[in-house]
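Visitor: I'd like to know where the labels come from. Could you show me the model and take me through them?

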Amino acid sequence: VDRAGAADRWLAGAGGVGDAQLRGELVAAALSVIEHGDFAELFGPDALAEAPIAAVVDGLVVSGTVDRLVVQPDLVRVVDFKTGRRAPATLDAIPPYHLRQMAAYGAALRVIFPGRRVAAALLYTAGPLLHALPDDLLARHKPGYTPGQQSLPLDA
């Protein structure tokens, strides 16, 4: 598969990017993530892209669309992509709203896939850098639901 050629054609046509140099930079950035060896499972044939999830967590509906979902018999991996010019270098530098989003995804997936371990991560495309998010970190960022809240703004 000629991913670079296909991406360039799409950017030139539907994407409306006329500048060939800019298209080349965009394609190179995207391919550096997709073809990175550490992320192969996330872009493999068993990974679901843009997977909608919804579950009732503590009596309230949590819904969203996860960028990548890999479901195995004993493990569910959920990864959200974050774009921007810089990737946080450490877990402590990750914005709290990203952690709240992933804590909500994890809580919903534990309801959807009971008995399976849920592993959450954020993939910052600027690195590219994948931050695995420990359960204890996500537990500290579990959303505080208000009584009238029906769903969380998960696409932050």
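Visitor: Why are α1 and α2 called oblique to each other?

Guide: The axes of α1 (residues 3-12) and α2 (residues 20-34) cross at roughly 135 degrees and come within 10 Å. Axes are lines fitted to C-alpha atoms, for helices over the stretch in contact, with angles from 0 to 180 degrees between N-to-C directions. Under 35 degrees counts as roughly parallel, over 145 as roughly antiparallel, 65 to 115 as roughly perpendicular and the rest as oblique, so α1 and α2 are oblique. The contact (heavy atoms within 4.5 Å) involves residues including Leu11 of α1 and Leu26 of α2.

Guide: Mind you, this is a predicted model: local features need pLDDT of at least 70, side-chain atom pairs count only at pLDDT 80 or more, and totals for chains, interfaces and linings use all residues. Residues are numbered from 1 along each chain as its sequence is written, and side-chain values use heavy atoms, leaving out hydrogens and water.

Visitor: How do you know that the span of α3 agrees with its 17 residues?

Guide: The expected span is 1.5 Å times one less than the number of residues. For α3 (residues 96-112) that gives 24 Å, and its end C-alpha atoms are 24 Å apart, so the two agree.

Visitor: Which residues of α3 are buried, and what covers them?

Guide: Buried means under 20% relative accessible area (1.4 Å probe, protein chains only); among those in α3 are His98, Met102 and Tyr105. Their cover includes β1, β2 and α4.

Visitor: What makes β1 and β2 a pair?

Guide: Pairing takes at least two bridges found by DSSP; β1 (residues 47-57) and β2 (residues 60-71) have ten, in the antiparallel sense.

Note on methods
Helix = DSSP H or I, 4+ residues; strand = E, 2+ residues; numbered from the N terminus. Buried < 20%, exposed > 50% of the residue type's maximum accessible area, 1.4 Å probe, protein only.
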